[in-house]
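Dear colleague,

Please find below the structure for your review.

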Amino acid sequence: MTFETTKTHTVHGGTLRYLKHDSAVTGTLMTLSIFTPPGEGPFPVVIWLSGLTCTEDNFTTKAGAYGKAAELGLIVVAPDTSPRGEGVADDPAYDLGQGAGFYVDATQAPWAPHFQMETYVTRELIDLIDAEFPTTKARSIMGHSMGGHGALTLALRNPELFQSVSAFAPIASPARCPWGEKAFTAYLGEDRAAWAEHDAALLIEGGAAAGVYDDILVDQGDADPFLADQLKPELLEAAARAAGQKLTLRMQPGYDHSYFFMASFIDDHLAFHAARLKP
């Protein structure tokens, strides 16, 4: 087995594993968690992408996803947010470097040798999971904040890989917010045309994956401190309206940017994906 299991827990009748493996794509050790529901399978897969500063552990311990995943018969995979380790480029700030991979393939020094997160998620990780776990080879993707950006853009750029996509408080248009401008300049360089290829609002506006997704589900808390300056869901909404893409954007009153928000609505997202992952 390519994966090495570091911890195992029984939860809601299924099995939760913490895993690590040597990645040929990032050139580093990568970590993740994977929940398999009770039974022999095969099962469809939901991939979760976490946000800035997170590891695989934030979702695994805080989202409360596994009861519903067991009920619906879903494998849930949560990878780390970036390559890490000695010799891997980093930055003192929380919004760049280790813990802040932004789910793109970096083209600029010093990031390019290891920060290849798009290829890691969409090629290496998917191939490994399908090879080593009882999957149906059908999958969906979701995420939070930076990971919401990742889920949306990876689904829009790789529609053949995913049956559905949803997000919590995504960075809707990183080419037009401080977090994204900083990360994209570092990872992709100064060419804003390259940025647009990794911006969910601009991808939808340009017709990416047109006709592929019958709906895109987004939950956003209206008490989120990052709402106005960083997340800008109105740009996603405007893009979907202009492109004729159905988008269910639910503004949730009183909710912030924390995992308390995600834990409150994670069942809805899993059910949304399960309905679209049926054979």
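In what follows, Ala, Val, Leu, Ile, Met, Phe, Trp, Tyr, Cys and Pro count as nonpolar, Asp, Glu, Lys and Arg as charged, and the others, Gly among them, as polar. The model is predicted, so local features need pLDDT of at least 70 and side-chain atom pairs pLDDT 80 or more, while totals for chains, interfaces and linings use all residues. Residues are numbered from 1 along each chain as its sequence is written, and side-chain values use heavy atoms, without hydrogens and water.

The structure holds one cavity of 30 Å³ or more (on a 1 Å grid over the protein atoms alone, points where a 1.4 Å probe fits but cannot get out; a pocket is an open set with protein on both sides within 12 Å along at least five of seven lines; lining residues have an atom within 4 Å of a point). Volumes are the space filled by probe spheres set on the points, which are joined across faces, edges and corners.

The lining of the largest cavity is formed by Val45, Ile47, Val77, Leu125, Ile126, Ile129, Asp130 and Arg139. Six of these are nonpolar, none polar and two charged.

Thr36 is buried, with a relative accessible area of 8% (buried means under 20%, with a 1.4 Å probe and protein chains only). Contacts of Thr36 beyond four places in sequence (heavy atoms within 4.5 Å) are Gly14, Thr15, Arg17, Ile75 and Phe133.

Yours sincerely

Definitions and conventions: Buried means under 20% relative accessible area, exposed over 50%, partly exposed in between (1.4 Å probe, protein chains only).
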